[in-house]
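Let's take a look at how the parts of this protein model touch each other.

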Amino acid sequence: MLPLKHLSLEGIGVTFQTKAGAFTALRDVNLTIDQGQFVAIIGHSGCGKSTLLNIVAGLVESTVGATLLDGKVVDAPGAERAVIFQDHSLLPWLTVYDNVKLAVDKVFAKTKTKAERHAWTLHNLELVHMSHALDKRPSEISGGMKQRVGIARALAMQPRVLLMDEPFGALDALTRATLQETVMEIHATLKNTVIMITHDVDEAVLLSDRIIMMTNGPAATIGEDLAITLPRPRKRLELAHDPAYMTARADVLRFLYDRFRHPEDQAA
Amino acid sequence: MNKLAVDPVGSVEIDVPAQSTPAPVVVPAAPVGAPPKSLVSSLKLIAGHARVMMDNTLPTVVMLALLLGIWQIACSQPGASLPPPLKVFADTQDLIFHPFFEGNGTDKGLGWQLIASLKRVAIGFSLATVVGVALGVLIGQSKFAYRALDPIFQVLRMVPPLAWLPISLAAFQKADPSAIFVIFITAVWPILLNTVVGVHNIPQNYRNIARVLQLSGPEYFFKIMLPATVPYMFTGLRIGIGMSWIAIIAAETLIGGVGIGFFIWDAWNSSLLSEIIIALVYVGLVGFVLDRLIATAGRMIARSPDTGR
């Protein structure tokens, strides 16, 4: 008998009904992800990356095919597949602490005592180095800090899969780099499965075990599946001149800008 | 009851300093021999505070004096149809200094008249708040309810407040409930429609969070929908309270009894122009205070922490 797959997308296709008729966003997406793997999904905008992530999250239903997590069909959102949104999506009327606590209280309502939930909330905020701002509102902290809290909230749910939708897309390059370090630290400690959508080639190569490259939409699908075997822990500076890193980077760039140039560029 | 009339007037004064944030005062290092630094800085702080208050209120005071002056001059001519401000003050001293005078029938002090009107507004407006928010949430959440009810509401809200009065008199048979119904039907639309807009404007991401966390219906309502919609609700409440105050005055002129609206109408019938003018001043001030009360409540609720630890 085959070993049970951790997360598998089988024959996923998505067709939206629009005013202009049926629009196929994704077709024939087949993907198997192992426990603890860090997978980056990269592609031009409009290639259905977010749709793919939302299917795993259960926020969007696929038209055909099925998603299985540890043998169970995914058909609704759930806390075992926590999502980190690009715009962090913290609730502005709650403090940093309360934003994380809301998730903790919900997910561990029956399994942890009140004191344990408090401790667990603090622990997760510490993990992202945000213990100093527990009582701040989202409007009082920087964009990078907000995203840290968003990460803490997702981690606090103890998800089996962590889904990140361009988590650092809205941040400046320096903040992005520190958050990438934080994510690598956390992944090294918790060894959770991560799917991350990104536009950033360096980010994808630096963080992931595997890069899924999407062809251009409409009817996008997986174009290439590249394994990144660089040893961990990875150091940004050392990698800058590492031949394996540069080869991987060149592979992704070639895919994005040679084989699948952005449709708008081609038209120009 | 007395408190009700005193309270709004009192909070006008409270409201003014609350609006004017003191300008930061930078205190230079105190030279040798100067009074202690803390004293200097606190004196400067008080001075700064007073200056900001002056800056804010002085133009209003000057403008008011100017307008009263123009009015005084314009209406002091022989044959002027309206009394000048000094005459208004002289004529209505009794009304101004004895707001809680009690005579026969509807002959009561301005304080009582205002309280009677405020009571009607309080009941009608509270009902409008409960119904407006509840229906607003329902229509905001349910596409079917929105499609079914929104066009009807859009038509109904265009009916002017006073146009409701005859039909409400016919339905309730009594003056008081009819006036309260007019308040209700006037205030309910802005509250309801703003709540709907608030619910529609809840960002998709908040809904997604609720779905990922698998929040139940009541949890979603209290933890996401209500806090996200509160600013919109308060916009509606503010418009609603202003419209109710406008409507009650108009309705009372028609239904009679004790109330500031009928007081104005009664004064007109007795050709007491000074009384009308002083009543108008009170109506304006009370309306202003009502508006500010709702605005302040909205700000406080928006700022207050929702869940304790």
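Chain A splits into domain 1 (1-80 + 160-167 + 192-263) and domain 2 (81-158), with bounds that come from an automatic or database domain assignment. Before going on, some ground rules: this is a predicted model, where local features need pLDDT of at least 70 and side-chain atom pairs count only at pLDDT 80 or more, while totals for chains, interfaces and linings use all residues. Residues are numbered from 1 along each chain as its sequence is written, chains are lettered from A and ligands numbered from 1 in the order in which they are written, and side-chain values use heavy atoms, with hydrogens and water left out.

**Inside chain A**

Taken over C-alpha atoms, the centres of domain 1 and domain 2 of chain A sit 26 Å apart. Their contact (heavy atoms within 4.5 Å) takes 20 residues from domain 1 of chain A and 12 residues from domain 2 of chain A.

**Chain B meets chain A**

Here, 21 residues of chain B are in contact with 28 residues of chain A. The table sets the two meeting places side by side. Buried area is the accessible area (1.4 Å probe) that two parts lose on being put together, summed over both.

| Pair | Buried area | Share on carbon and sulfur atoms |
|---|---|---|
| Domain 1 and domain 2 of chain A | about 1300 Å² | 54% |
| Chain B and chain A | about 2100 Å² | 60% |

How many salt bridges are there between chain B and chain A? The count is 1, where a salt bridge is a side-chain nitrogen of Lys or Arg within 4 Å of a carboxyl oxygen of Asp or Glu. B:Glu219 forms a salt bridge with A:Lys106, and their closest N and O atoms are 2.8 Å apart. On chain B's side, α9 (204-212) and α10 (217-255) each supply at least two residues that touch chain A; these helices are DSSP runs (H or I, at least four residues), numbered from the N terminus. α9(B) gives the most, with 6 residues.

**A closer look at α9(B)**

Which residues of α9(B) are buried? They are B:Asn205, B:Tyr206, B:Asn208, B:Ile209, B:Ala210 and B:Val212, buried being under 20% relative accessible area (1.4 Å probe, protein chains only). Just after α9(B), B:Gln214 takes a positive phi of about 50 degrees.

Terms used. Buried < 20%, exposed > 50% of the residue type's maximum accessible area, 1.4 Å probe, protein only.
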